[in-house]
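The sequence and the model follow.

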Amino acid sequence: MVPAPVPRAPTDIGDLPEDILLRIMSHLTSRQAVHTCLVSPQWRYLWRSVPRINVSIEEFEGQHNSNNHVAIEEFEGEDDDDDDGMSIEEESQGEDDDDDGMSSEEEESEGDVEGDDEHEVLFKRFVNRLLELRNPVTLDEFHLRYSVSSNTRNMSLSRSRHANSWISYALQCDAQAVQVSSQYYEVQLLPAAFTSSSLNRLHIDNATLAPGFFNQLQMGCPALEYMFLHDCLIMDLEIFSSSLKVLIFSSEIRFAYDHGGQASISAPRLISLSMDYGISGARLPILTNMPLLKTASVGLCAGDIQARDADGIKQFLGGLCDVTTLDFYYWDSKLTMEKSFQWCPIFSKLTNLTLDCSFVNEDFYGLIVFLQNSPNLQKLTLSVDKSDTAIAGELEDRSFTCEQLQIVEIRCRGTSEMLSRVTQFLHANGIRHDQMCIVDRS
């Protein structure tokens, strides 16, 4: 019997099935993907069906109309019946003729923002033409690196219009993940752009979230489960989401606090919450209706909260009382609690606790309070780096019992007097040396 011929393995990338080629191309920026039209006739229009858009203003920095003739020649294609042979980048140059392929509406939209640098104009024209020529295929992801070069509100809003339009386009194409960031000043994101039954992950960096933004996410994006915000101004004081499972506030999240308003966050399906490195507002936000919350990481920085007091700490921690894992960092000025004031709730489910040196300073006051209110703690992590911050107070009873505690991890930079004090304190309160693990981070 003659053996069946073994299928020949592809020897050239062009021999791969189109769906695999598109997945490979999705790892390129959109501008790089357009370049692939030069590979062969087979590749000429392949970029139009890539399931991922990744556009960045940074790819256009240093480019000007006057020195861009190479790019025009690069992307010139053969004429075809629908006149799409003209390069996408050639279309983006805005040549002064009546047949440049750009609609009158697009031409008007390109000229209505004064002060745009040439590379910004080229970038916006490129993206507009890219979206115009794309095939109507579903998007997996949309990544946008934008630029706003003015912090004047009206001008910033005008210059943010393209970003909102492109986000709306991506969501109409059922993008499941959207990532938006801005150079220089904040891009202003409008609620109207965010309507999608497919959006699952949202990542925003350096933006103003206009009033009504979170209400629109609640009504218009029912599948949203993951949100990451970095360096954003939030104009809403009430945040409610029935779908979010992970919420991350990272670095310089500012809540509008006209007239002393206090923000509130309610998320009944939330599992993980991170509020590290600077939350600004009139008061600490109120955390409510989070019955499924398991992990929380919180960092309170100096000067961010206008009215920082024991009541605010108590109210804030009360919203976290059902977590099983808590990282709590206090980098603000010394806060002294009144004697017998119950600012720390009982963390009956807490098994993993991380505290910084603010809770070790002032004769271990903050640490003792947490240990007295964490009866089921299994692992304690302490940072004992030198710091002047502290939560201080007086205790009539300094005893605590942690019967479930198995290990204490102590993070430090080399040996120090503080490290010695911490180990002595723990040993004096019944924690054996073999339960202590010292991690040198120097």
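How many of the 8 residues of strand β2 (residues 141-148) are buried? The section on the sheet gives the answer.

## Basis of the model

The model is predicted, so that local features need pLDDT of at least 70 and side-chain atom pairs count only at pLDDT 80 or more, whereas totals for chains, interfaces and linings use all residues. Residues are numbered from 1 along each chain as its sequence is written, and side-chain values use heavy atoms, leaving out hydrogens and water.

## Overall composition

The chain holds 12 helices and 21 strands; these are DSSP runs numbered from the N terminus, with helices being H or I of at least four residues and strands E of at least two. Of its 442 residues, 51% count as buried, a term that stands for under 20% relative accessible area, against over 50% for exposed and partly exposed in between (1.4 Å probe, protein chains only).

Among contacts (heavy atoms within 4.5 Å) between residues at least 6 apart in sequence, 70% join residues at least 24 apart. The accessible surface comes to about 20900 Å², and 48% of this belongs to carbon and sulfur atoms; the areas come from the Shrake-Rupley method with a 1.4 Å probe, and for residues only the protein chains shown count as cover.

## Strand β2 and its partners

In strand β2, 6 of the 8 residues are buried, so the strand is largely enclosed by the rest of the structure. Pairing requires that DSSP finds at least two bridges between two strands. Strand β1 (residues 52-56) pairs with β2 in the parallel sense over 5 bridges, and Val55 stands opposite Leu144 in β2. Strand β3 (residues 177-184) also runs parallel to β2, joined to it by 8 bridges; here Glu141 stands opposite Ala177 in β3.

## Helix α6

Helix α6 (residues 118-133) has 16 residues and reaches 23 Å from its first C-alpha to its last, close to the 22 Å expected at 1.5 Å a residue. The expected span is 1.5 Å times one less than the number of residues. Since 14 of the 16 residues of α6 are buried, the helix is largely enclosed by the rest of the structure.

## Nonpolar core

The largest nonpolar core has 118 residues, and those touching the most other members include Phe194, Phe249 and Trp343. Such a core is a set of buried Ala, Val, Leu, Ile, Met, Phe, Trp, Tyr and Cys residues joined through side-chain atoms within 4.5 Å. Leaving aside neighbours within four places in sequence, Phe249 is in contact with residues including Leu229, Ile265 and Asp276.
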